[in-house]
Each structure stands twice: as C-alpha cells, then as structure tokens.
Amino acid sequence: MSYSDASSQQLFELLAQLLDQLASQDNTVRSAAEEQLNNHWLVHQSPALLAGLAYLSAHHPSVEVRSFAAVLLRRVALRSPEGAKNNATYFIASGEESRTFVQSQLLQSLLNEQQATVRNKVCDTVCELAEELLSHGGPWAELVQAMQHFSKSADAAHRQTAYQIVGGVPSLFVDENPATVLAILGAGIQDQHVDVRLAAVKASSYFLIEADDKARQSMAGLVPQMLNVLPPILSDSTQEEAANEALGYLIDLAESHHELFRSSIPQLLEFMIATMRNADLEDNTRQTCLELLLTLAEVAPRVMRKHPAFCQGVIPLMIDWMCEHEDDDEWYETEDLDDIDQEANETVGEQSMDRIARYMGGKIVLPIAFNIIPVYLSSNEWQRRHAALRCISAIGEGCHTIMNAELDKVVSLVLPHLRDPHPRVRHAACNAIGQMCTDFAPKIQDKFHEAILTSLIPVMDDEKLRVKTYAAAALVNFSENAKKECIAPYLDAIIPKLLGLLNTGKIYSQEQAVTSLATVADSAADQFTKYYQPMMTVLMNILRVPNNKEYRSLRGKALECATLIAMAVGKDVFGPNATEFIEVLQHVQGQVTDSDDPQSSYLLSAWARVCKILGQDFAPYMGIVLPPLFASAQLKPDIAIFEEEDPNDEEGWEMLQMHGQRVGIKTSILEEKCTAVEMLLCYAKELGPLFHQYVEETMRMILPLLTFYFHDGVRFAAAAVIPLLFESWAKANYPREKVTPLWHEVAMKLIETLKGETDLQMVGQIYDTFQETLEAVGPMSLNEAILTAFVKQTLAQLSEFVSRCELRQKLRDDPDYDPEEEEAIQDDEFSDETLTDCIAHAVRAIFKTHHATFLPYFNEMVPTLESFLVSKEAAARRLSLSIFQDLIEFTTVESVQYQPRFLERMLGAILDKDPNVRQTAAYGIGSAAKLGGETYRAVTISALPSLAAVIRDPNARKEENTLATENAVAAVGKICKAHGASGAFDINQVLPAWFDALPIVEDQEEFDDAYTFLLDLIEAGHPALPLSNPAILAKLVDILTQVLAVPGLKDKDALVARMLAVLKRLLSQCDDATRTSLWASLPEDRRKMLTAKSFF
C-alpha cells in the first residue's frame, strides 16, 4: 500500500495518540496501550506500524514523540513474530514496500532533525536496521550515498551523523573504495568541531576493525591522527567524558588490531602516562588511559616488552594509586566484606599490577616492583606499607618462577607485618601470606610452615575482628595445600582461636571460622581425631539454630565442616554419630524450600561425603538423596539480557557478549548444577553395583551435558561419570544384551562431541571416558560404525595437533619472538602432550579389547603414525611409538607385516634426545622381547647396545631421565629372560650389568617382570649372580630394601611377600656381623620406612 494517502495519515495520527498513551503516567492507560500495541498493531498491522513510527520520527511536531517513535521503531522492528520462518524480524517480514518507506523516512529524519537527542536516537535505529538488512543480504545504497554527502556538508550536525552511522554499521561501507573511505574518515578526524572529531574516531576504529587486511593496511595512517585527537580534549576539563569515549574506541581497536599502534607506541606511552599522573583529571579518565596501555600489553606483550617506559612508568604509578586509602571506621565495622569500590584507584591499581605481571612476566616486573616494595614497607605511612603488601599479593602469579626462587626473602619481608602497628597493614599481610600460600603451594607450606603458622596464629587474637577473621581466611589458603605433618603440631594452638571466632556474634566471622575448621580438619586428616567430638558438638548446635535467612549460609558451611571432619577421622570414629547426623541432614533438607537457599548446594556435597565415609552402607539413603540431586542436575541456566552496563545488576551473573548483546548467566545455578553432577560421580563410584538401578536414568540426564557449554565443570563431571555407570552394571553382572545398546549410543555421542570441541582438556577427558568405559564394558563391544567414526575423528584431532605444533614453531621462529613467551608456549605443548597420551590410551584400549579385528580400521591411521615417527615434535614421536607398541603387545602375530613401517624407528628412538620418547621406545622393545617370541628375537637382541648406552649415561638417574632409564633396564631384563638361553648373546656378561643397573623404583608397572625375573635368578642360583660374593649380596639387599621401602605400593602384595621372604632367608643365612653391617649400610630413612611397614 502507499503511505501518502489520507487513510495512512489518519492511521499515523491514531498511532501518535497511542504513543501518548504508552508514555502516560496512568498505569491503566499505559497498560491498555501496551495491550493494543502488542495484540492489535503488531498482530494485524505490523507493516503500517513500522511505517507509521518511521513517519512520526521524521515529521511529528513534538520532540518527545519523534524521540519515542525512533526508539519504539527499533525495538518493534527487530522483534520476531511468533512462528516466523528463520526467526525473521518484523522489519524483514514487513515487505519491500514498507521497508522502503521506513528507510526513506529515516533518511528524511537524519536530514531535517535539529534536536541532537532525537537525531542520536534515529542514528541508533538506522544502524540497527541497516545491520538487520545486511544480515539478510539486503543493501541500503541510499544510506551509503547520503552519508558520503553528509560527511561533506557545511552543517556540523550532518557531518557528525555521517560518522555516527559509519561507526554504528561499518560493515555497510567495507565494499566502498578504501581511498574514498580514508579521505572521508581523515577529514572527520581533522574537523574543527570536537563532536565531529569524536564521531570520526569511533567511525575510524570500527571501520578498521571491520575492514579486510588489505584495506586496513592501506589505512593504518589513520591511527596516529586518531591519537592526536586526544591531547586537545584532555586539556579541556569540560571534555573528559568525550575523551573517555574516544579512549574506549581506541581500546576496542587495540584489542582487535594492536599492530596498527606499533609505530605510535613511544609517543602513546609518554602521553598516556603523563595523563595518568595528572591528579586534576577524573580518576575514570586516568584509568581509561591505563586500560588502553594494559590492552596493548595483553594482546601484544612481546611488543610492549620492547618498550621499557611502559613498566618503568606504570608500575610505580600503580603502587602509588594503591596508597590512596582512607582509614575510615566503616571499614572495621562493616559485615559486607565484598563491598569493594571497583572504580577506586587503589582497587584498579592492584588489579592492574596483577595484569601487568601476567602480561609482562617476572623478569621485567619484579626488579621494578621490588625496587619500590622494600622502601614502602619501611615507610612511616601505613598506606605505603599496605600498598607494598598488596602489591606482593597481586604479582605472585605472574612472577611465579622468579619469586619462587626467592621465596625465603619474600616471606621474610611479609611476616613481620603480621605484627604491624596498623590493623589495615596487618590485614594486608594476612592477604599476602594467604595469596602466596596459594600461588607457591606446596613449596611454601613444606619449607616455611613453622615461620608462617607461628606468625599467623597470634593474629587470630587481633583486637580488630575483621583482621583476625582474615587471618583465619589466610589459614584456609595455607591448609588447602599443607601436608598433615605441617599442620598437626599446631592444632592445639589453632582450634581455640577458631572457637573464639565462633563466639564473636558476627555471622561473617562465624562463617569464616567454620570454613577454616573444615580446611584444617581436611588437611590434618586422622590427626584431627582428638578434636572430633567437641567440634562435632559445636557444629551440630549450629545446625539446630533456627532456619532464619541470615543463618542459612552459616548452617551450610557447618554441614560442609562436619562432613569434612568426618572424612578426616574416618568411618570408625564417625560411625557412632552417623545415624544422628543423617537425621540432621534430612531435617535440614526438609527446611530448604527457596530456590536461592545456599544450604541446597551444601547439602548435595554433604550427603556425598557421608556416602564416601559409609561406602555401600549408604545405599538405603539413596531414595532420600537422589530426588533433589536429580533436580539440581537438571537445572536450566538462568539467562538474561542486560541493556545497560550496571555492575550492580551484574552481581551473581557471568557476562558474555553474544550477537552484540550483553547476556548474563546466573552463576549460582551453574555452580549448583555442577555440584550435583559431581555428586552423581561420587555415588556411582562409592556404591558400585548398588547404584545399578539408577544407571539408565542418570545416563539420560548427563549425556546431553557433554555439550553444556555454559559451564566447563558440568561437562567434565558428566564425562567422568559415564565409565562409573557402566562399571556399576558390570559389577552387578548385567547381561551383555542390556549393556551393549546403551554403550553404542554413548560411544557415538562421545565421538560426536569431539567434532565441535575446542577445549583440549575436554577432548582429553572424552578420550579418557571412551577408554575407561570400553575397558569396563569389555571385549568386542564396538561395532563397525563406532570404530570407523573413532578413527576418522582421531585423525582429525591429530591433524589439528600438527597445526598447533606448526603454529608454536612459527612463534619461536618469529623475529619478534620474546623468551618471556616460552613458558606459555611450553604450557600449550604440555596440553598437547597430555592430549596425545589420552589418545594413545584410548587406542590401546581398543587393541586390548578387539585385538586383530581393529586392524582394518587401524590401517587408516598408519600413514599418519609413520609420519609422526620422524616428526620434530617429541609428543608426536611418543604417540606413534606407543601405538605401535600396543600393536606388538595385542596383535603380536599380525604385527609382523607392519615391522617395515616402525621397527627401525623404534630401535633408533631408544637414543632419542627426549626422555619420554626414549622411555616409550624402550618399553616397546621390552614388550617385543616379552611377547614377540622368535619373530622379534633378533631385533630385540640388537637393541642391547643402545639400551646399555641409555643405562650408562652419566645423567641416567637425573629426575627427568629416570623413567627412560628404568624402562631401558626393564627391557634388558625382558630380553635376557626371553632369549638368554638362545646363545645369541653372552647372558653371563649382560646379566651382571643388568643387575648393577637395578633397582627400578619409580615405574611400578615394570616391578612384576623385573623382580620376578630377579628372584627367579637368585632362587635358581644363577652363576652370573653368585651370592657368595659380598658385593653382590650387599647390592641385592640394597635393591630389595629400596623396593620394599617404596611408599604406597599398589597391587604388589604377592611380589612384596616373595621379596621379603627371599630377603629374610638370605639374611638368616648370614652371620650376625654381616647382618648388622648390611642393616647399617642402609640409609636411615629407608630403615625407618622398613620399620614403619613392620617388615623388620
């Protein structure tokens, strides 16, 4: 229809009346208007509605109506009608005639509007509608042409509008001639009107972000011009808000294309640092200047490291900002400990020191910071001492390597300030110690536990409640990574202090005391037994306080504390109280009715801990536990769209940018969901076969969570629980016909999940899940489709692995390579090494369960594995060798046909420069000797010289080489056992050398083969090892006692018993003097360990 006839004009007048009603202060009038808009205009006349709003925004005499019409047009046009195809918006669905009219009216408004506020809202609407058109392939050529004319207009408002449109929808202009756009943007940056210049800076920033590489490179000269806009407006106190806007645009540009700033960095540093020092400016302005520099440091650390002025200028300034504290009474009295002014200079300074340390690294940051810190720590001004301590807290993570080497000096700087005369400084010292206990664990606990605890414990008697509460919080950091030997001697001093905090009457202090008790008990383990009964009495009393809202968090923490204490002391101690405690748990669970009750999450974990303690005795309570647990595991994420940046509205929400909108996800719901899935893992593990009846329901719940991208913890826990569910069925002897269909479904889901997964840790977890589940289900449980899909997806993963390796090598070869980046590169390498290990374990599981039936599918992998054997990447070589070793072990006969593809490389890899590769190659040769029979005899015997070279290397027993050396020793033993009688080599020459290379103490997987063979030789009285020789007897005693003294031997009871029997028999055959001499020759710690194990 045409919108210029009389009927349209009448319609527009009715719409204008509707807008008046929508803006009414009368709720009844406004609600009726909203009803009419949504149920009449939108449903029956949406094209006319859009056209009318556009017309009113251009022509209505009232400023308020024009403004409202422009805003409402944007909101309505971009909504989608219910059931719209492809989620098309009203604007797209309205038809070409309506869209053309709307576009023409908006251009009229831009041309004629005199009110800046209205024009700005029309600009916003034009930009969003243009973006919507572009997303559906529709051009808006008239808008492009109009803006080119506007940019040359004599009217500054028109020029500003042109740049607002370019900045708001830069993609509309990317196909224009770059030279033309450059001229337009350059003219705007040089414009005499400041508002035009600012709009041009925005337009230039977002156009450069959107442009292709060639166009961007040709326009790089804009950046210095954009930076030159800043000095004049920053020198004008009335323009600070405008300056902040301009800096924000430059920050966005730096985040996307830091290379555009490279030539300007020296001048930028000088100007930004000078501006940051200008105390006459608003703090927000100075902080935004800082943010531009920090953004460049984050995205281009190697570039910023080449400019010493950055750290030399910013670090002292940040520490000075951290001194801007007031000692107000409110700080001591408040119970809202999270009430931190995030916009204050002291907070920004501390957060910035953390960022600078992480971006720039310790080699640069530490010398500058510690040129200031000791001076400030000795200052008479408490603010300086406070700032120095907070600085130490902030830089620990980023400067970890260097600070770790100087930890004794740093600790000695901090500890005296736990006794500082000013309470705020004591508080900062607690913070520093607590943070260091996290950053430098477990070294700081192992080495400095006495110094730290004897200094920290007295602070829990501080005159200021907030300080002594924070000392208890620092104790949590210490305890989380402390061995029980480090904390047990101090329990008598700690417990009364924490009980004192419980009696303060302040809930925040009581909550901290309970949390600290829980962590201390968890660390102290069985050493906490003597405190169990009095502590449990206190906690039970807390759980019986009224369920008032203010006590819910305290009660939840009491649940956590009680169950951690129960786990520490074990079933024997907790057992008599178990029934009473479970009744309390049921009572608390019955009181939880509000969805936001924090006790809910604590209950999930508390029930699971009780299950861990009671084991299968917990099974009768599953009917109570599972309904709320399943409900929590199935919680849907609470998602909301935030239109304005208001940090107060964001508390408890994780913010994401999605399709240009700020989307918030409620974190408490995600955490509760994650806890629930983790608890399912616990129950499946602890109950084993008794969980069998819940397996199918649990599996249906957790399978979709493998792709729950809102929370990584949920995905990891979901993947980890899968093998335990199948183990439950296996232990309950479920029939194969019941298990196999579900396993096939799960296996395909796991492989499908790999396709879109980018998190290497999650990829590794999926492979681990596949491997563990396959081993639980058992032999021949994979069909053709699964094996084909597994191999295809694994080859895709290996291809991506190669690409990441190439990228790392490219970074190292880059002329701008910075050694500070090596640690991050090595972290990435470690992630890939871990992933390739997971892949290898999964392939091994298939070989183990399917043997030669896997070979037709494995053949697809062979070319890639062959190429990996000659790769520069140690992880690739190791992966390939590991899989070929599995080929030998599980398809020994069939592996012969593959020998030309790998065997020579395996032999050569025994002397590889990488110890992990040497270890894998040696293990492979050992497997070939043990399992390969005559087929592998010649090749394994030919490996003896290389294995001997590994063993005799002067650095063979260095920590990084130990496993490779032990596998070489084990391989020699396997060769001797398998082929020693063949006469192909002199076993009487090889055996003594092998015996001399023992013991193997780190790789317990090799214990059975190596020591069974050794004991066989001894009991047979092999002539190569005559026990009549005192040196050989002493060596044998040394070997056996070293192995027997290994802590935590697993599944070796039979071997240990045999070794002990042989050792005792040999010693019984010695005279007293020899026995005494042999015992005395052992190191004292070994004698203590043997005695502690009751071996002697």
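**Cavities, a pocket and the core of the predicted model**

The lining of the second largest cavity comprises four nonpolar, one polar and two charged residues. The model examined here is predicted. H258, E259, R262, I265, L296, A300 and V303 form that lining. Two cavities of 30 Å³ or more occur in the structure.

The largest cavity has a volume of about 100 Å³. Its lining consists of M147, Q148, S151, A162, V166, F173, E176, T180, V181, I184 and L185. Three helices each give at least two residues to this lining: helix 8 (141-150), helix 9 (156-168) and helix 10 (178-189). Helix 10 supplies the largest share, four residues. By class, seven lining residues of the largest cavity are nonpolar, three are polar and one is charged.

The second largest pocket holds about 560 Å³ of space. Its lining counts 24 residues. R358, E820, E821, E823 and A824 are the lining residues nearest the pocket centre. Two or more lining residues come from each of helix 18 (301-305), helix 21 (345-360), helix 22 (362-369), helix 25 (400-405) and helix 44 (822-850). Helix 44 contributes the most, with six residues. The lining of the second largest pocket has 11 charged, eight nonpolar and five polar residues.

The largest nonpolar core contains 381 residues. F310, F528, Y683, F770 and F858 have the most contacts inside this core. Beyond residues up to four places away in sequence, Y683 touches L604, W607, A608, C611, F618, M622, V625, L629, G688 and F691.

R74 lies in helix 4, which spans residues 63-77. R74 counts as buried because its relative accessibility is 18%, below the 20% cut-off. Neighbours within four places in sequence aside, R74 is in contact with K121, D124, T125 and E128.

One annotated region was compared with the model. An unreviewed UniProt entry lists residues 476-594 as "domain: Importin subunit beta-1/Transportin-1-like TPR repeats". Over residues 476-594, the chain is 76% helix and 0% strand.

Methods: Residues are numbered from 1 along each chain as its sequence is written. This is a predicted model: local features need pLDDT of at least 70, side-chain atom pairs count only at pLDDT 80 or more; totals for chains, interfaces and linings use all residues. Side-chain values use heavy atoms; hydrogens and water are left out. On a 1 Å grid over the protein atoms alone, a cavity is a set of points where a 1.4 Å probe fits but cannot get out, and a pocket is an open set with protein on both sides within 12 Å along at least five of seven lines; lining residues have an atom within 4 Å of a point. Grid points are joined across faces, edges and corners, and a volume is the space filled by probe spheres set on the points. Ala, Val, Leu, Ile, Met, Phe, Trp, Tyr, Cys and Pro count as nonpolar, Asp, Glu, Lys and Arg as charged, and the others, Gly among them, as polar. UniProt positions are given in the numbering used here, feature names are shortened, and annotations may be inferred rather than shown by experiment. Buried means under 20% relative accessible area, exposed over 50%, partly exposed in between (1.4 Å probe, protein chains only). Contact means heavy atoms within 4.5 Å. A nonpolar core is a set of buried Ala, Val, Leu, Ile, Met, Phe, Trp, Tyr and Cys residues joined through side-chain atoms within 4.5 Å.
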